[in-house]
Amino acid sequence: MKYLALTAASVLLVACNNSDGGDGVSVTRVDQATGDSALAALYLGNSGDGIVTWDDRSFDDGVYTFTGVVFTDTESDEDADEAEEAEDGDSDIDFDEVHAARMTVAGPRFDDNGDVIFDRLSIEDGRFVSSDESETGGGGFASFIVESPNAELVADIARGFSGENSDDEDTDTSAYRFGLIALNELTAEGTDDESGEDYRFAMNRFALDGYDGDTLQRFELMGLEIDGASPETGPIRIRLAELSMDEIGQAFFAPFTEGMRQAMADAAGEDATASDMPDYDPMDAYGAFLMSGLDVNVGGILVTLDRMTGEIDDSGNTIVGTTEMTPLVIRPDTEYPLGAQMSLGLGMLGYQQLEFTAAGESVYDRGDDRIYTRGENYFEMTDGFRIESEMDLSGYLEYAQAAMRLSMQGQDEFDMDGMFDPLMINRFVLRIEDMSLLDRALTAGSAAQGMSKAELRQQAAAMVTLGMLGAPAEIPRPLLTELSQALVGFINEGGTITIAMEPDQPVSVGTLMEQAESEALDFDAMGLTITNTPAED
């Protein structure tokens, strides 16, 4: 099964829209002699040269069509045992053949370097088949498509078709380029090896569209469906209508390509030290993001999300990023134990469900290397609380590059010294507004402790005051007084707590961390204030 999956798995690792998944690429006209030579390099010269056999093959206008195609697992019993141990008991569809009604290879030929390439590979109406009669699982797919792959990708497809064993280190997926990779109408079903529960998986489409080494034009996952069960939680049901991203840039690919470079260098016995990555741009992330139609049921805990969106508008010197989340709803189904437990907990606070919304907008100025918020930036729980934030930071690019270099280091090299030094705080404000959660919690707490809400408020306020007495001596007493008054006022009157850091001069985050470690924070330089605004009647 390892070799059957090699072709698909190696290309899908890149991280895959074509309107019809069909005639999205023009076919290069090749003569049959050239095509036959290229097919031989793909281990498709004769039926059975590698892991692929077929009933019939025809050639027409540069396109080879195979029918009655079978991909056979050539994995040894020893390799299969090792792979099974590596899976560590995870459920899997145990198949050793893929049967496809049809496969086409369009425009097979050699490039100027003598490497085999083609315009399009399509495997259609595939079914997973097991020679083990006791295996009850199965599945298949409508089509698997690769369009306009470069020579490096085609070489690994050929390696997959050959059935030859090869270490994963030999595959440099960071070198892949392609027009489209798509898997349509995938289905799988079987029985979990450990729990004995049946499961089902379906996905309408997974596609990577247009990767040139710097930008992936589009990623999409459509129509995901997962059904199963767990003895501990009960039913598991997941639905996702769409997860997609457009114009995905190097901020996403840099960790992958750098990690691949290090792995291959290490395998070759060469210097695998993380590079300085001077060209890494954290703002080159994506153009648009969408998640929609999420519907999850795990043991009676129901989660639904209509839409979550994000957009990044890069006009050159100024980059504006926006995000929005429409209600994320979490609610219980009391017919199941987990749902019943959740319902009991929510009921104590007077809720039947939890509903969350969020939005944000940030602006990055390349010239000043400054990132700041504008508009609404909040996370809110309906009838619960609202958290708002404002920030103005400088030195973000140098910090982000240092953070990326750090993330690519091995654990033995892990060193955060200096990473936060360039990140400067010009202004930061955090507001926490109570929207009935505090009163609900006090109501539940007073009932549990057998006292009135007023008495519980007094007790909580007294605990805050006592807690301040044990604060470290280096914290200025005026600041402690502010904090105590703000917390006590919040407990007694609700409203909004505001924590603001508005220094006269920008403050380095690295300096703050060093001061905190040595217990010598300069609170005056931070410009820190903590206040409470009582709720309006």
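Arginine 177 counts as partly exposed because its relative accessibility is 29%, where buried means under 20% relative accessible area, exposed over 50% and partly exposed in between, with a 1.4 Å probe and protein chains only. The structure is a predicted model, in which local features need pLDDT of at least 70 and side-chain atom pairs count only at pLDDT 80 or more, whereas totals for chains, interfaces and linings use all residues. Residues are numbered from 1 along each chain as its sequence is written, and side-chain values use heavy atoms, with hydrogens and water left out.

Arginine 177 is found in the loop between α4 and β9 (178-191); helices (H or I, at least four residues) and strands (E, at least two) are DSSP runs, numbered from the N terminus. Not counting residues up to four places away in sequence, arginine 177 touches Ser148, Pro149, Asn150, Leu153, Tyr211, Asp212 and Gly213, contact meaning heavy atoms within 4.5 Å. Arginine 177 and leucine 216 lie 9.6 Å apart in space, C-alpha to C-alpha, although 39 residues separate them in sequence.

## Aromatic pairs

The structure holds 13 aromatic pairs, defined for rings of Phe, Tyr and Trp (its six-membered ring) with centres within 6.5 Å, and called stacked if the planes are under 30 degrees apart, edge-to-face if over 60 and tilted for the rest. Phenylalanine 71 and phenylalanine 161 form a tilted pair, because their ring centres are 6.1 Å apart and their planes stand at 35°. Since phenylalanine 71 lies in strand β3 (residues 63-72) and phenylalanine 161 in helix α4 (residues 151-162), the pair ties together parts that are 90 residues apart in sequence. Both phenylalanine 71 and phenylalanine 161 are buried.

Phenylalanine 206 and phenylalanine 219 form an edge-to-face pair, with 5.6 Å from centre to centre and 75° between the planes. This pair links phenylalanine 206 in strand β10 (residues 198-211) with phenylalanine 219 in strand β11 (residues 216-230), 13 residues apart, and both phenylalanine 206 and phenylalanine 219 are buried. Elsewhere, Tyr364, Tyr396, Tyr399 and Phe420 form one aromatic cluster.

## Charges over rings

The charged end of arginine 370 sits over the ring of tyrosine 372, 4.2 Å from its centre, a placement that requires NZ of Lys or CZ of Arg within 6 Å of the ring centre and within 35 degrees of the ring normal. Arginine 440 lies over the face of tyrosine 351, at 4.0 Å from the ring centre.

## Helix α6

Helix α6 (residues 337-348) has 12 residues and reaches 17 Å from its first C-alpha to its last, close to the 16 Å expected at 1.5 Å a residue, the expected span being 1.5 Å times one less than the number of residues. The buried residues of α6 are Gly339, Met342 and Leu346. They lie on the same side of α6 because they cover an arc of only 65° around the axis, taken from the directions from the helix axis to the C-beta atoms.

These buried residues of α6 pack against β14 (301-314), β15 (318-332) and β16 (354-365), while Pro337, Gln341, Leu344 and Met348 are exposed on the other side of α6. Glycine 350, whose phi is positive, near 80°, follows α6.

## Nonpolar cores

In the largest nonpolar core, which has 69 residues, Leu42, Leu44, Val52, Phe66, Phe71 and Met103 touch the most other members; such a core is a set of buried Ala, Val, Leu, Ile, Met, Phe, Trp, Tyr and Cys residues joined through side-chain atoms within 4.5 Å. To this core α4 gives the most, with five residues. Apart from it lies another core of 29 residues, among them Met419, Ile475, Val509 and Met526.
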